[in-house]
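Hi,

Here is the structure I promised to pass on to you. Have a look at it first, and then read on for what turned up in it.

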Amino acid sequence: MQDKIIQKAKELLSGGAVQVVIGYGQGTGDRVRAIFIQKPEDAGRLIMDGRCVQNLAGYLMKHEVRALGRAAIVARMPVLRSIAQLMYEEQFKDSDVAVIGISDANELVDLPDLNALKEYVRANPLKLTPEEQAEVDRLDAMTREERWAFWMEETSKCIKCYACRASCPMCYCARCTVEVNQPQWISVPSHDLGNLEWHIMRAMHLAGRCVNCGECTRACPVGIPLRLLNQRIIADIADNFGEEEDYALAAFKPDDKEDFIR
Amino acid sequence: MAEFEPKIIAFVCNWCTYTGADLTGTSRIKHATNVRIIRLPCTGRIDFMLLMKAFARGADGVIVSGCHPNDCHYTSGNFHARRRWILFRSLLNFMGVDARRIIFSWVSAAEGAKWAEVVNTAVKEIRALGPYDEYKNLAPIRASWRTEHAG
Amino acid sequence: MSRIGVFVCHCGENISATVDCAGVAEAMSRVPGVVHSVDYKYMCSDPGQTMIKDAIKEKKLDGVVVSACSPHMHEPTFRRACAEAGLNPYLCEMANIREHCSWVHEKSEATTLKAIDLVHKMVEKVKKNQPLYSIKVPVTKTALVLGGGIAGIQAALDIANAGHKVVMVERSPSIGGHMSQLSETFPTLDCSQCILTPRMVEVAQHPNITLYTYSELESMDGFIGNFKVRIRKKARCVDEKLCTGCGLCTTKCPTKKIPSEFNEGLGMRSAIYVPFPQAVPNKPVIDKTQCTFFLKGKCKVCEKVCPTKAIRYDQEDEIIEVDIGAIVLATGFNVLGAEHFPEYGYGRYRDVIQGLQFERIASASGPTSGAIRRPSDGTEPETIVFIACAGSRDEAKGIPYCSKICCMYTAKHAMLYKHKVHHGKAYVFYMDIRAGGKMYEEFVRRAIEEDDVKYIRGRVSRIYEEDGKLIVKGADTLLGHQAIEIRADMVVLASAAVANDGAEELAQKLHVSYDPYHFFAEAHPKLRPVETNTAGIFLAGACQAPRDIPETVSQASGAASKVAALFSQSELTREPVIAVVNRIAPPLYSTCTGCALCVPACPYQAIEMEEIKNRDGVVVKRAAKINPGLCQGCGTCVALCRVKAIDLQGFSNEQVFAELMAL
């Protein structure tokens with residue numbers, strides 16, 4: 001697999017199709033990190049193994065990366081989903097990005113353009129794995145007071161470092177609402193209220209957009225299981241609205257079902 | 001000891017529920033005094049953050065109300081709002097926030113009596129739940145100007 | 001610091017009976033930023049308004065809160081008063097302490113405290129109010145009328161007679177619509193053609209009306225006062241300027257056995273044809289699907305016989321672009337097709353026909369020149385059965401609604417039959433007789449009492465043919481469901497009125513909403529019956545719901561008066577309560593991320609993406625842009641926007657937040 005990626009990266013770079021390949025390379029110690037290959041002869045530095053789970057799509061949105069020219073990106077399923085969503089949000093044109101797609105079965109997928117990518121993502125709708133669903137269900141099974149205690153315990157660790165935001169490819173807003181102070185939507189201090197408001201807001205802003213890559217949870221330095229919130233919403237969207245819309249909150253059905261409106 | 005009087009903030013649309021509450025008035029249907037209405041053009045305008053801020057401001061309950069489905073003055077604002085509420089309510093519940101304290105309803109401009117009932121029921125239910133100290137204790141709340149200056 | 005004035009109204013005793021108004025005013029006087037706080041018996045009275053105006057001038061107020069009744073009642077009054085005193089009207093807000101407080105609570109401390117809260121929150125809101133200015137939108141004083149039936153004709157003539165330009169588009173080769181097919185009209189039995197034809201001619205000759213027949217709407221862009229429409233003028237294959245309408249081509253055309261649409265299939269027409277003798281314009285059109293030349297490449301008889309050489313086989317569709325200020329939708333209705341009535345044998349038995357076919361048979365210009373004859377063998381029917389509610393009020397057929405016109409035209413049909421076949425027997429099966437309308441009930445009574453039409457309350461279960469007769473089986477529910485069998489020569493179904501073909505597609509092109517039956521939806525069922533939810537688009541006639549001619553004509557005139565009112569000014573003034581996308585200093589230019597998720601959420605298609613350019617003309621950003629002409633101010637986009645880049649004037653985030661924080 002790694003060889004195939006290196007080969008593909010070489011081809012793309014030497015043919016001039018892209019100016020930079022974004023992939024995984026050796027980091028400090030045993031860790032992998034994002035690397036930016038600009039010369040075909042450097043392609044050998046690319047790595048692909050079990051450690052390569054970071055969602056690299058966020059880099060595509062950075063000015064510094066865009067300045068390097070057309071990029072190719074090593075993309076597992078969550079990255080492909082991110083790109084599809086960002087495309088729907090008009091953040092990319094076909095000419096901006098090429099992908100070296102890797103399927104969930106760990107095989108190279110040929111996605112010649114972003115339309116092919118869109119079709120591929122559409123054919124593989126986002127679903128929680130049974131393990132993920134079980135974890136969501138475990139919380140649902142608690143009493144409300146237990147859930148409150150659970151999240152109070154978790155969010156009390158939050159130091160509002162915003163690593164969750166920085167690592168998320170969907171959090172590309174130039175000025176996040178947490179920084180808006182006229183009016184002050186989110187309480188500034190990292191106290192219980194400020195933390196709760198921040199995490200509710202982030203989950204809602206990702207509703208219908210989150211691709212369940214888990215980057216927020218991996219990035220969190222204090223270990224808050226943030227992705228559970230997004231997973232709850234992902235399951236709700238699938239259960240309530242189906243999967244056909246690109247963005248569930250900008251769409252509706254006249255007969256959307258609920259059981260709480262009087 | 002005096003009965004607990006919950007503080008309830010209502011976010012309502014201008015065309016149906018606000019007008020319906022006007023009708024409650026013109027019909028002189030008496031109901032509890034606990035609710036303060038904030039008027040917005042449409043339920044589509046009601047940001048979920050406003051609901052959070054209402055609790056942060058010390059509300060014990062929140063009412064959100066607008067036009068019945070298919071009756072929206074803006075055709076589909078309430079449909080968008082409904083989707084938002086479905087996800088938001090589930091998320092709050094998942095986080096252990098007491099979603100029973102947010103009462104959603106459709107009250108049309110003709111349903112003056114229904115509005116009074118929504119208000120009375122909300123007051124009764126929230127009173128039974130007690131003050132929302134759990135949320136109020138998250139951070140100190142400055143007393144409102146009125147409680148400090150006008151009784 | 002703000003300089004707010006608070007004016008607490010007693011509303012006689014309406015408020016002061018339960019709320020301590022002086023107490024409220026006193027409490028407000030202590031709120032920071034309030035420089036003037038008074039109470040008065042009638043704020044809306046002349047002296048009351050003068051108090052406000054004087055205070056604005058004397059105390060240099062920059063915000064006013066009138067605590068009185070509902071803003072739905074007097075907001076315009078007090079905003080006008082503020083404007084007259086030189087204060088921007090949008091710096092005035094009302095606190096509703098009557099409907100929402102004094103009228104619904106007993107006199108108590110809690111009631112007064114609630115009033116204080118309601119006023120205080122508006123004081124805090126007003127501090128965040130910004131002066132707003134009415135939006136001016138230029139108006140193109142040309143109306144587009146879609147559909148050339150009686151609804152479209154009436155609307156077009158009324159608008160044109162008011163001195164405005166009208167473009168009329170009709171998709172068939174002639175205007176006239178269903179009304180031109182009718183024989184006589186209820187309840188007066190005057191001849192339909194006789195009253196309609198002069199109006200059709202007037203449309204064609206009116207200097208203010210441009211008529212495009214055999215044309216359809218291709219696309220529509222823009223907004224009220226400023227629509228841009230593209231019209232597809234289908235190729236007639238006839239040069240209309242040269243054609244004199246002599247009709248030689250239609251008589252010489254060798255392809256003559258085509259069922260005539262105008263005669264509902266009961267008569268024949270040629271491949272080059274004029275739909276009916278009184279057609280406007282009286283110019284033929286070649287039916288390319290039937291013409292021998294188009295099918296086989298040879299013939300050209302019409303070209304040879306045409307004295308003015310007007311035939312153009314190579315004519316192509318033409319796209320015409322027009323600027324339009326308002327649109328009247330008058331595209332009419334259709335009747336339920338044969339496939340829906342297997343139990344009545346419609347489509348299987350030639351003598352089971354529907355109402356419009358009977359109109360043609362009864363019409364002097366019809367296939368039988370007005371003599372009542374059976375389509376199968378041309379004999380005069382001795383016994384005739386009319387079935388009302390054929391499809392209508394029938395959930396099973398998907399039409400739960402009443403088609404409204406059938407009761408009356410069925411009575412008319414029965415009467416016309418009896419007037420022409422004196423010895424004949426006419427039966428009407430009905431569910432209920434709905435004859436609400438001027439002289440309508442009398443008309444039905446006349447059919448029953450004077451013309452001896454037998455009305456049977458009950459439904460027909462089945463019709464089958466036996467020995468050349470149609471056996472109609474039904475039950476009389478007024479006689480305890482007694483089974484009834486009538487041996488009829490002819491059966492006429494009052495088949496349900498349904499939305500016209502393509503109504504849904506047209507509604508989508510125009511961004512107007514439609515009901516579950518695909519009839520176009522009015523903005524309000526009672527108070528705005530001729531408007532759609534899209535500003536500048538109006539409704540006339542049966543495209544909205546089944547209706548008869550008098551209703552259609554009055555609605556068309558209503559729509560026309562709406563258009564005329566719109567065109568009476570060169571600029572349109574609109575409330576500035578609309579959404580706006582923020583602009584901030586470079587390098588962000590706007591906090592909008594350009595994600596475009598708001599675009600599909602807008603109920604009015606008012607949001608599009610625009611490119612922001614720097615001074616060198618280089619595109620630096622893509623951001624949402626809200627068209628102030630289209631935005632209706634619902635704020636759905638505001639709540640949807642993650643970055644709060646969109647805000648709603650008059651109900652801005654800061655304003656609502658300030659209200660909330662005051663509680």
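In chain A, β3(A), helix α3 (residues 77-88) and β4(A) form a β-α-β unit that is right-handed; that is, with the strands pointing away from the viewer, the path from the first strand over the helix to the second runs clockwise. Helices (H or I, at least four residues) and strands (E, at least two) are DSSP runs, numbered from the N terminus. Before going further, please keep in mind that this is a predicted model, in which local features need pLDDT of at least 70 and side-chain atom pairs count only at pLDDT 80 or more, while totals for chains, interfaces and linings use all residues. Residues are numbered from 1 along each chain as its sequence is written, and chains are lettered from A and ligands numbered from 1 in the order in which they are written.

Back to that unit. Strand β3 (residues 71-75) of chain A runs parallel to β4(A), and five bridges join them; two strands pair if DSSP finds at least two bridges between them. Within this pairing, Val74(A) is opposite Ile100(A). β4(A) also pairs with strand β5 (residues 108-109) of chain A, this time in the antiparallel sense and over two bridges, with Ile102(A) opposite Leu108(A). The hairpin of β4(A) and β5(A) has five residues between the strands, and Asn106(A) takes a positive phi near 65° there.

Is strand β4 of chain A buried or exposed? Six of its six residues (97-102) are buried, so β4(A) is largely enclosed by the rest of the structure. Here buried means that 20 or more other C-beta atoms lie within 10 Å of a residue's own, exposed means 12 or fewer, and partly exposed is in between, with C-beta atoms placed from the backbone. Val97(A), Val99(A) and Gly101(A) cover one side, and Ala98(A), Ile100(A) and Ile102(A) the other, all of them buried.

On to chain B. It has six helices and four strands, and from the N terminus on its elements run β-α-β-α-β-α-β-α-α-α. Of the 151 residues of chain B, 68% count as buried. The radius of gyration of chain B is 15 Å, which agrees with the value near 15 Å for a compact globule of 151 residues; the radius is taken over C-alpha atoms, and the globule rule is 2.2 Å times the number of residues to the power 0.38.

The contact with chain A takes 34 residues from chain A and 30 residues from chain B, where two residues are in contact if their C-beta atoms, placed from the backbone, lie within 7 Å. On the chain A side, α8(A) supplies the largest share, eight residues. The contact with chain C takes 41 residues from chain C and 37 residues from chain B. There, α5(C) gives the most to the chain C side, with nine residues.

Finally, chain C has an open sheet of three strands in the order β24-β25-β26, with antiparallel pairing. β24 (460-466) and β26 (482-488) of chain C stand at the edges with a single partner strand each, so one side of each is left without a neighbour in the sheet. β24(C) pairs with strand β25 (residues 469-476) of chain C over six bridges, and Val460(C) is opposite Gly474(C).

Enjoy exploring!
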